[in-house]
Amino acid sequence: MAWRSSGRTNAELLANMSAHSILKTERARSAMARVDRANYVKELSTAYEDSPQRIGHGATISAPHMHAYATENLLPYLKPGAKVLDVGSGSGYLLAIFHHLVGESGKVVGVEHVPELVDWSIENLRKDGLGKALDAKQIEVLASDGRDGLPDKGPYDAIHVGAAAPNIPSALLDQLASPGRMFIPVGVYIQEIQQVDKDEDGKVTERPIMSVSYVPLTDRTKQGDW
């Protein structure tokens with residue numbers, strides 16, 4: 001049902017994802033309703049299609065249903081005041097959703113290794129009405145290798161990774177708070193979303209969520225330009 005959730009408007013897209021039990025909670029629905037996907041894509045005519053779209057520099061914005069799954073999965077850790085890291089933050093879409101969940105007392109950090117995408121995502125966030133959050137550094141977007149995370153900004157209550165890693169990067173695991181949760185696609189030819197939980201004592205457990213197909217988490221020199 002996930003791929004049948006396309007709509008003609010943002011509201012219709014979210015309604016279809018709710019009807020297909022992808023969006024399940026009012027908190028997630030409300031946060032996503034405050035973020036217009038048309039501000040984060042290159043082609044406005046396909047903004048509300050439930051499919052991934054190319055945003056240039058070998059990167060994509062994931063299908064809306066994957067953003068919904070990620071938001072719902074991380075929701076217990078996206079409380080007001082929480083600190084969140086989005087690896088491969090791309091267009092900035094999820095940064096906006098996470099900000100609306102953690103609030104002005106929280107902190108959302110995006111890391112993206114393509115400087116042009118960092119600049120574009122900041123433009124997108126401002127266009128979507130989040131200029132004050134950027135100016136107050138409630139949202140930050142930085143150019144760096146996401147596999148290394150951003151240790152000086154952590155630890156993070158929640159980490160979202162928007163590209164597939166062959167293994168869970170140890171740096172990201174180290175930067176996950178206790179307790180904390182990471183949502184990450186893992187694998188090369190066969191990929192699965194892994195829910196990685198760290199408890200109060202630092203014990204880590206992994207649970208596969210679903211099979212997926214993501215672009216690889218790689219360095220800038222190996223990433224193509226579309």
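**Ground rules.** I number residues from 1 along each chain as its sequence is written, and I use heavy atoms for side-chain values, with hydrogens and water left out. Because the model is predicted, local features need pLDDT of at least 70 and side-chain atom pairs count only at pLDDT 80 or more, while totals for chains, interfaces and linings use all residues.

**Sheet.** I looked up the strand order first. Helices (H or I, at least four residues) and strands (E, at least two) are DSSP runs, numbered from the N terminus. I take two strands as paired if DSSP finds at least two bridges between them. The order is β5-β4-β3-β6-β7-β8-β9, an open sheet of seven strands with mixed pairing. β5 (139-143) and β9 are the edge strands, each pairing on one side only. From one strand to the next the twist averages 15 degrees; axes here are lines fitted to C-alpha atoms, for helices over the stretch in contact, and angles run from 0 to 180 degrees between N-to-C directions.

**Two strand pairs.** I checked β3 (residues 83-87) against β4 (residues 107-112): they run parallel and are joined by five bridges. L85 has V109 in β4 as its bridge partner. I then checked β8 (residues 191-198) against β9 (residues 204-212), which run antiparallel with eight bridges. Q191 is bridged to V212 in β9. Five residues lie between the strands of this hairpin, and G202 takes a positive phi near 90 degrees there.

**Helices on the sheet.** I count a contact when heavy atoms are within 4.5 Å. α4 (residues 93-102) packs on the sheet and touches β3, β4, β5 and β6 (156-161), with its direction at about 165 degrees to that of β4. α5 lies across β4 and β5 and runs at about 160 degrees to β5.

**Helix α1.** I call a residue buried under 20% relative accessible area, exposed over 50% and partly exposed in between (1.4 Å probe, protein chains only). In α1 (residues 10-19) the buried residues are N10, L13, L14 and M17. Seen down the axis they fall within an arc of 95 degrees, so they line one face of the helix; the arc is that of the directions from the helix axis to the C-beta atoms. They pack against α2 (26-33) and α3 (64-74). A11 and A19, on the other side of α1, are exposed. Just after α1, S21 has a positive phi of about 60 degrees.

**Cores.** A nonpolar core is a set of buried Ala, Val, Leu, Ile, Met, Phe, Trp, Tyr and Cys residues joined through side-chain atoms within 4.5 Å. The largest has 52 residues, of which M17, M32, Y40, L78, I97 and L125 touch the most other members. α4 gives this core its largest share, eight residues. Apart from it lies another core of 16 residues, among them V87, I159, A165 and L172.

**D128.** I found D128 in the loop between α5 (115-127) and α6 (131-135). Is D128 buried or exposed? D128 is buried, at a relative accessible area of 15%. Beyond four places in sequence, D128 touches R34, V35, D36, N39, Y40 and A96. D128 and D36 are 92 residues apart along the chain, with 7.0 Å between their C-alpha atoms.

**P151.** P151 sits in the loop between β5 and β6. P151 and L173 are 22 residues apart in sequence and 11 Å apart in space, C-alpha to C-alpha.
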